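Have the structure open beside you as you read.

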Amino acid sequence: MEMKPAIQQHACASAVAVLILFFGISDVRAHSRKTIKLNETAFLFAAQLIKQGHAIADRKGEWSEHRPSTDQENEFIRAHGFGEYAKWHLGIDDRYPENTKSRYKFPYGDFENVHRCGVIAAKARARQYGYSEIENAAAELERAIKDKPPINTDSEDHLRFICVNLWR
């Protein structure tokens, strides 16, 4: 008969532990959402690059191939500083100091061109983690790339673009 109160006590303690864990995770997620915000300077910079034709209309899923390597990022920072590095990221995480790579989230380009695949990756990650402002900004950039002639793509893609637009 003494087993029943022990089992109830254990079940109650387990339920309390689950609730603490659940609310703790929710609290951490809510806090992190508040600290990552849209980098408006980067958004305007990307829009200007697209307008100037510095956009590559590559395919979804190619970002892992086109994304700058850690060495390329470090070299870019050495040559241009964190202010310029920040312009290539749609998100700013206020939990980290300004002169750290950890502060800048949601990269979209290769330090020369905006990549459609990078914008799509940023949009998907922003949606996944609930950063609607960043998701909306990425969607707007994706539309701008779609509407702009791709002058920096390989010749086959450029030829396809010209042919499609001749028949409109």
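Tyr-85 has a relative accessibility of 2%, so this residue counts as buried. Please keep in mind that the model you are looking at is predicted.

**Tyr-85 and Phe-82**
- Phe-82 is buried as well, because its relative accessibility of 18% is under the 20% cut-off.
- Helix 5, which covers residues 82–86, holds both Phe-82 and Tyr-85.
- The two residues are 3 apart in that helix, or about one turn.

**Trp-88 and Phe-111**
- The ring planes of Trp-88 and Phe-111 meet at 85°, with centres 5.9 Å apart, so this pair is edge-to-face.
- Distant parts of the chain are linked by this pair, since its members are 23 residues apart.
- Trp-88 belongs to the loop between helix 5 and strand 3 (89–93).
- Phe-111 belongs to the loop between strand 4 (104–107) and strand 5 (114–115).
- Both Trp-88 and Phe-111 are buried.

**The wider picture**
- In total, 8 aromatic pairs are counted.
- One of them joins Phe-82 to Tyr-85 edge-to-face, with 6.1 Å from centre to centre and 85° between the planes.
- Ring pairs connect Phe-45, Phe-76, Phe-82, Tyr-85, Trp-88, Tyr-104, Tyr-108 and Phe-111 into a cluster.

**A charge over a ring**
- Phe-45, a member of that cluster, has the charged end of Lys-87 over its ring, 5.2 Å from the ring centre.

Methods:
Residues numbered from 1 in each chain as written. Predicted model: local features only at pLDDT ≥ 70, side-chain atom pairs only at ≥ 80, totals over all residues. Heavy atoms only, no water. Phe/Tyr/Trp six-rings, centres within 6.5 Å; stacked < 30°, edge-to-face > 60°. Helix = DSSP H or I, 4+ residues; strand = E, 2+ residues; numbered from the N terminus. Buried < 20%, exposed > 50% of the residue type's maximum accessible area, 1.4 Å probe, protein only. Lys NZ or Arg CZ within 6 Å of the ring centre and 35° of its normal.
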